[in-house]
Amino acid sequence: MTNDADDKPSHPGARTATRLVSGGRDPFAHHGYVNPPVYHASTLLYRTAEDFLAHRGRYQYGRRGTPTSEALSDALAGLEGADCAGVALLPSGLAAASVALLAVLKAGDHVLVTDSVYFPTRKFCDGVLARYAIATTYYDPLIGGRIADLIRPNTRAIFVESPGSLSFEMQDVPAIAAAAHAKGAVVLMDNTWASPLYFRGLEKGVDLSIQSGTKYIGGHSDVMLGAIITNEESWLPVRSMIADLGHCAGPDDIFFGLRGMRSLSVRLERHQKNATEVARWLQSRPEVSRVLYPALPEDPGHALWKRDFLGASGLFGVVLKAVPKAAVDAFVDSLDLFGIGASWGGYESLIQPSYPERSRTATRWQAEGPLVRIHIGLEDPQDLIADLAQGLDKLRTVAAA
């Protein structure tokens with residue numbers, strides 16, 4: 001499902017929180033109801049044969065867009081800003097990443113991908129892209145403008161993810177974008193961690209900004225959704241690729257994504273507040289070596305975060321001091337308020353053991369001890385801290401046994 005960015009966004013000049021509430025809404029087009037209806041649609045009827053042959057009408061087929069999908073696309077476009085030319089909705093974040101790559105690459109091309117990339121995206125590059133004679137080179141996420149040295153004559157795209165969703169390195173996106181554009185390559189970014197609320201990718205030189213709407217856009221762990229937000233030059237290739245592949249997002253997932261957009265600013269503000277409080281407490285614990293959270297002044301990527309980002313989400317990593325795997329398992333298993341799960345972005349807190357070293361190829365992941373990834377939800381942070389405290393007590397007990 002694809003929609004061109006609205007040339008006349010509602011409430012032009014409104015601040016971000018207002019755009020989140022008003023974007024994509026047209027109540028009196030729907031009899032005054034506040035929210036747009038959910039269109040479960042495939043076939044669209046025409047009044048005459050002439051209308052059918054000429055494709056007259058705002059919509060042509062359910063897969064190609066409905067008022068429901070248009071509402072979410074317009075809301076995302078308004079959040080991304082004036083540089084947005086179009087928004088494509090996909091059935092998952094991975095679908096968005098894979099379609100974006102396919103839209104800008106062809107057989108014989110070369111793509112540079114950060115070594116900290118989301119693992120399913122890496123698997124797509126190593127499997128599907130390789131099968132179609134598209135070469136992938138992984139690079140150090142901290143390379144910055146020196147990425148120019150890796151660009152080949154056939155390099156068509158550079159894929160960034162900042163911060164990395166397991167190891168949380170901050171990338172110098174503007175510097176990478178400048179190097180890419182100087183040599184005719186486009187920049188794709190997985191911007192799920194910050195969302196367009198806290199990082200305006202297109203303003204920083206990104207050509208295709210990718211979202212897993214499953215995470216913060218939906219915000220309730222009950223939706224599968226992806227989005228590609230592009231500038232003018234990249235919009236037609238994305239729109240054409242989606243039409244050729246027949247991708248579309250489900251109407252109920254779109255509606256839930258739209259519902260989540262309305263509260264995105266208040267939820268992310270709370271996620272950041274809670275995460276900062278918990279992260280600072282973890283820094284004080286003797287079992288913890290370091291906390292990987294760019295919003296903390298002690299984080300190596302803090303200066304880049306402060307320069308380029310408007311806020312932080314609730315996801316961060318914790319490097320523990322060296323302990324046996326059994327101690328880490330005891331810590332994780334003992335937690336009551338933290339679910340053990342691979343996703344994030346919902347209202348609930350999550351934890352998972354993480355192993356970046358298993359997938360790295362361009363860089364070596366070196367840490368003092370085991371890594372766990374934590375998503376801080378909307379619970380009271382003091383309750384989360386109490387739960388983590390008893391869990392770390394269990395870790396220490398098992399480690400000493």
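Start at Thr-18: with a relative accessible area of 41%, it is partly exposed (the class between buried, under 20%, and exposed, over 50%, using a 1.4 Å probe and protein chains only). Thr-18 sits in helix α1, residues 16–22. Helices here are DSSP runs of H or I with at least four residues, strands are runs of E with at least two, and both are numbered from the N terminus.

Before moving on, note that this is a predicted model, in which local features need pLDDT of at least 70, side-chain atom pairs count only at pLDDT 80 or more, and totals for chains, interfaces and linings use all residues. Residues are numbered from 1 along each chain as its sequence is written, and side-chain values use heavy atoms, leaving out hydrogens and water.

**Helix α4**

Draw a distance from Thr-18 to Leu-94. The two are 76 residues apart in sequence, and their C-alpha atoms are 30 Å apart in space. Now select α4, residues 93–104. Its 12 residues reach 17 Å from first C-alpha to last, close to the expected 16 Å (1.5 Å times one less than the number of residues). Because 10 of its 12 residues are buried, α4 is largely enclosed by the rest of the structure. Among the buried ones are Gly-93, Ser-98, Val-99 and Val-104.

**Strand β8**

Show the partners next. β2, residues 86–90, pairs with β8 in the antiparallel sense over 5 bridges; pairing requires at least two DSSP bridges between the strands. Leu-89 stands opposite Ala-227. β7, residues 208–212, also pairs antiparallel with β8 over 5 bridges. There, Ser-209 has Ile-229 as its bridge partner.

**The cavity**

A cavity is a set of points on a 1 Å grid over the protein atoms alone where a 1.4 Å probe fits but cannot get out, and lining residues have an atom within 4 Å of a point. The whole structure has 1 cavity of 30 Å³ or more.

Which residues touch the most other members of the largest nonpolar core? Select Trp-193, Leu-282, Tyr-293, Phe-316 and Ile-374, out of 84 residues. Such a core joins buried Ala, Val, Leu, Ile, Met, Phe, Trp, Tyr and Cys residues through side-chain atoms within 4.5 Å. Helix α10, residues 264–283, gives the largest share, 7 residues. A second, separate core has 30 residues, including Val-99, Leu-105, Phe-124 and Ala-157.

Zoom in on Leu-282. Beyond four places in sequence, it touches Val-288, Val-291, Phe-316, Val-318, Ile-374, Leu-388 and Leu-392; contact means heavy atoms within 4.5 Å. Then show all of α10: 20 residues reach 28 Å, close to the 28 Å expected. Asn-274 lies in this helix and counts as buried at 0% relative accessibility. Outside four places in sequence, Asn-274 touches Ile-376, Gly-377, Leu-378, Glu-379 and Pro-381.

**The second largest pocket**

Go to Tyr-118, Phe-119, Pro-120, Ser-165 and Arg-373. Of the 39 lining residues, these lie nearest the centre of the second largest pocket. α4, α5 (119–131), β7 and β12 each give two or more residues to the lining. The pocket holds about 680 Å³ of space. A pocket is an open set with protein on both sides within 12 Å along at least five of seven lines.

**Loops**

Select Thr-361, in the loop between β12 (349–354) and β13 (371–375). Thr-361 counts as exposed at 58% relative accessibility. Its contacts beyond four places in sequence are Asp-115, Arg-122 and Tyr-138.

Most residues other than glycine have a negative phi, and most peptide bonds are trans.

Note on methods:
Points joined across faces, edges and corners; volume = space filled by probe spheres on them.
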